[in-house]
Amino acid sequence: MAQKNESPFVEQLEIIIRECLPSHLTLRRGALLEYQSGFNTKSKFETDLCIFDGENPRVVLELKTSPTTHDVMVYSHKAD
């Protein structure tokens, strides 16, 4: 589901990816993924677009209109 402040580019990219995606993969918008946020704490973050192989996330797309180094560091940590 689209966020209120989300770029229209997300919707355009979603359409393009769906047209090109092999049938064994699925694309989800706004999927919640878990990540380790502390010593023994797990949190979830909402992705813009995520390609799944079954229930396993394979590619996460986070689209930013004005990315900062903070964005890169935070999302890299979550992906790790």
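In what order do the three strands of the open sheet lie? The order is S1-S4-S5, with antiparallel pairing. This is a predicted model. Helix H1 lies across S1, S4 and S5, and the largest nonpolar core has seven residues.

**Sheet**

- Strand S1 (25-29) and strand S5 (56-61) are the edge strands, and each of them pairs on one side only.
- On average, neighbouring strands of this sheet are turned by 25° against each other, direction ignored.
- Five bridges join S4 and S5, which pair in the antiparallel sense.
- Cys-50 has Val-60 in S5 as its bridge partner.
- In general, strands of a sheet pair through backbone hydrogen bonds, either parallel or antiparallel.

**Helix against sheet**

- H1 runs at about 170° to S1 while lying across S1, S4 and S5.

**Nonpolar cores**

- The largest nonpolar core is made up of Val-10, Leu-13, Ile-17, Leu-21, Leu-27, Leu-49 and Ile-51.
- At least two residues of this core come from each of helix H1 (8-20) and strand S4 (49-53).
- H1 supplies three residues, the largest share of this core.
- Apart from this core lies another one, of six residues, including Ala-31, Leu-33, Phe-45 and Phe-52.
- In soluble globular proteins, nonpolar side chains tend to be buried together.

- Leu-13, one of the residues of the largest nonpolar core, is in contact with Leu-49, Leu-61 and Leu-63, leaving aside its neighbours within four places in sequence.

Terms used:
Residues are numbered from 1 along each chain as its sequence is written. This is a predicted model: local features need pLDDT of at least 70, side-chain atom pairs count only at pLDDT 80 or more; totals for chains, interfaces and linings use all residues. Side-chain values use heavy atoms; hydrogens and water are left out. A nonpolar core is a set of buried Ala, Val, Leu, Ile, Met, Phe, Trp, Tyr and Cys residues joined through side-chain atoms within 4.5 Å. Buried means under 20% relative accessible area, exposed over 50%, partly exposed in between (1.4 Å probe, protein chains only). Helices (H or I, at least four residues) and strands (E, at least two) are DSSP runs, numbered from the N terminus. Contact means heavy atoms within 4.5 Å. Two strands pair if DSSP finds at least two bridges between them. Axes are lines fitted to C-alpha atoms, for helices over the stretch in contact, and angles run from 0 to 180 degrees between N-to-C directions.
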